[in-house]
Amino acid sequence: MPGKITSYPLKHPERPFLALGLEGSANKLGAGIIRHNPDGSAQVLANIRHTYITPPGEGFQPRDTALHHREWIHNVINACLREANIPIHELDCICYTKGPGMGAPLQSVALVARTLSLLFNKPLVGVNHCVGHIEMGREITGAKNPVVLYVSGGNTQVIAYSSQCYRIFGETLDIAVGNCLDRFARVINLSNDPSPGYNIEQVAKSGKRLLLLPYATKGMDISLSGILTSTEAYTLDKRFRADGKPQNDRDTDIITPADLCFSLQETVFAMLVEITERAMAHIGSKEVLIVGGVGCNERLQEMMGIMASERAGQVFATDERFCIDNGIMIAQAGLLSYRMGCVTPLSKSTCTQRYRTDQVHVAWRA
């Protein structure tokens with residue numbers, strides 16, 4: 001992790017700054033180029049992504065995901081440079097995801113970043129994946145000082161900024177919300193294209209019954225393993241019909257996959273709204289920023305919006321270009337850090353599967 005530096009509020013650059021960001025912490029491989037302009041604005045020049053998709057009912061393994069990244073990263077980076085129309089020697093720095101994430105995919109992308117740094121004599125900046133999501137969300141939405149709900153396949157956290165650190169107010173005690181949804185999608189054999197969570201969201205729109213599932217908030221934290229087990233148990237109930245069709249005219253009390261997806265979403269999202277509202281009350285904030293892959297879910301945005309409006313607040317969220325793992329978020333967070341004088345030496349350009357959000361010195365915020 002880069003060491004702390006003497007910091008000050010980030011000022012407008014005297015010239016444009018350019019950064020290449022490389023992301024590969026899970027099954028999304030991304031490359032993005034961002035420019036910070038002298039007027040203080042940021043401009044997305046390119047944001048290319050390629051996703052490793054497995055057959056229905058299967059997850060993605062670290063070794064296979066790393067192989068996908070090694071096979072595609074040359075094409076993704078070249079496409080990124082072409083779209084941005086920027087020669088690589090004009091970049092100010094090369095940013096990569098240091099963690100958290102899956103070990104083998106992280107290492108594959110970090111190796112490419114180190115190689116480019118050496119070949120073209122460019123500074124290297126290791127970026128916390130979670131902070132990348134937050135900084136890209138802030139840049140795109142214009143949120144000033146929000147409570148952040150970070151929901152993805154590997155992370156579930158309620159975060160707020162204080163004293164140059166993103167403090168974690170609450171988090172999952174076991175599995176992340178994205179992991180919970182993905183695992184249930186595999187149980188009912190939903191497609192992984194474009195993502196299992198997206199397909200659960202679509203199936204849930206047809207759900208008619210809200211089934212009883214464990215609601216486990218523990219202070220500012222939540223637990224999701226029990227609700228996943230309970231939802232899976234419903235698929236073994238004699239009333240469950242995988243095709244959603246009754247067997248006869250008297251078979252009216254059936255449980256369908258749509259009912260299960262609907263109930264799972266409603267219960268889990270209600271838990272997330274509760275702990276987010278508690279954090280808003282604690283710090284006196286009127287803003288909520290939802291980031292991470294699950295942040296694309298329209299039902300989650302809707303439920304959070306109802307809560308925020310009752311508090312005279314506002315919800316900020318992005319679309320799939322920026323909420324799903326991507327290279328541009330790594331470029332954004334990395335360039336902010338680089339402009340504060342923070343560079344990762346090659347000797348410390350490692351990866352870690354456990355790199356907490358609150359371990360990062362957020363030097364660019366006053």
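Me: Where does Pro100 lie?
Reply: Pro100 sits in a loop, the one between β4 (93-99) and α2 (103-120). Keep in mind that this whole model is predicted.

Me: What is the peptide bond that joins Gly99 and Pro100 like, cis or trans?
Reply: It's cis, with omega at about -5°. Asp193 to Pro194 is another cis peptide bond, and there omega is near 0°. Pro194 is also in a loop, between α4 (177-187) and α5 (196-204).

Me: What is the phi of Ser163, positive or negative?
Reply: Positive, about 55°, although Ser163 is not a glycine. You'll find Ser163 in the loop between β7 (156-161) and β8 (166-171).

Me: Which parts of the chain make up domain 1 and domain 2?
Reply: The domain assignment gives each of them two stretches: 17-135 + 323-359 for domain 1, and 143-231 + 257-320 for domain 2. Over C-alpha atoms, the domain centres are 25 Å apart.

Me: How many residues does the contact take from domain 1 and from domain 2?
Reply: Domain 1 gives 20 residues and domain 2 gives 24. To be in contact, heavy atoms have to come within 4.5 Å, so these residues pass that test.

Me: What area is buried between domain 1 and domain 2?
Reply: About 1800 Å², and 57% of that comes from carbon and sulfur atoms. The size of an interface is often given in this way, as accessible area lost when the parts come together.

Me: Why is the meeting of Glu171 and Arg356 called a salt bridge?
Reply: Their side chains are 3.2 Å apart, N to O. The cut-off is 4 Å, so the Glu171 and Arg356 pair qualifies. In general, side chains of opposite charge can pair when their charged atoms come close. Between domain 1 and domain 2 the count is 2 salt bridges, and there are also 10 residue pairs in polar contact, both at pLDDT 80 or more.

Me: Which helix gives the most to the side of domain 1 that touches domain 2?
Reply: Helix α3 (residues 129-141), with 6 residues. Sorted by class, that side of domain 1 has 9 nonpolar, 6 polar and 5 charged residues.

Me: How do you know that the side chain of Thr141 makes a polar contact with Gly137?
Reply: Thr141 is in helix α3, and its side chain reaches the backbone oxygen of Gly137 at 2.7 Å. Leaving out residues up to four places away in sequence, Thr141 touches Leu289, Phe316, Ala317 and Thr318.

Me: What makes Glu320 and Arg49 a salt bridge?
Reply: Their side chains come to 2.8 Å, N to O. That is inside the 4 Å limit, so the name applies to Glu320 and Arg49. The pair links distant parts of the chain, 271 residues apart: Glu320 is in helix α9 (residues 320-323) and Arg49 in strand β3 (residues 42-51). In total, the structure holds 13 salt bridges.

Me: Which residues does UniProt list for "binding site"?
Reply: The unreviewed entry lists His129, His133, Tyr150 and Asp325. One of them, His129, is in helix α3.

Me: How do you know that they gather at one spot?
Reply: They span 197 residues in sequence, yet no two of their C-alpha atoms are more than 12.1 Å apart, so one spot is where they gather.

Me: Which residues does UniProt list for "domain: Gcp-like"?
Reply: Residues 44-331, again from an unreviewed entry. That stretch is 46% helix and 17% strand, with its end C-alpha atoms 10 Å apart.

Note on methods
Residues are numbered from 1 along each chain as its sequence is written. This is a predicted model: local features need pLDDT of at least 70, side-chain atom pairs count only at pLDDT 80 or more; totals for chains, interfaces and linings use all residues. Side-chain values use heavy atoms; hydrogens and water are left out. Domain bounds come from an automatic or database domain assignment. Buried area is the accessible area (1.4 Å probe) that two parts lose on being put together, summed over both. A polar contact is a pair of N or O atoms within 3.5 Å; within protein, one must be able to donate a hydrogen and the other to accept it, and residues adjacent in sequence count only if both atoms are side-chain atoms. Helices (H or I, at least four residues) and strands (E, at least two) are DSSP runs, numbered from the N terminus. Ala, Val, Leu, Ile, Met, Phe, Trp, Tyr, Cys and Pro count as nonpolar, Asp, Glu, Lys and Arg as charged, and the others, Gly among them, as polar. UniProt positions are given in the numbering used here, feature names are shortened, and annotations may be inferred rather than shown by experiment.
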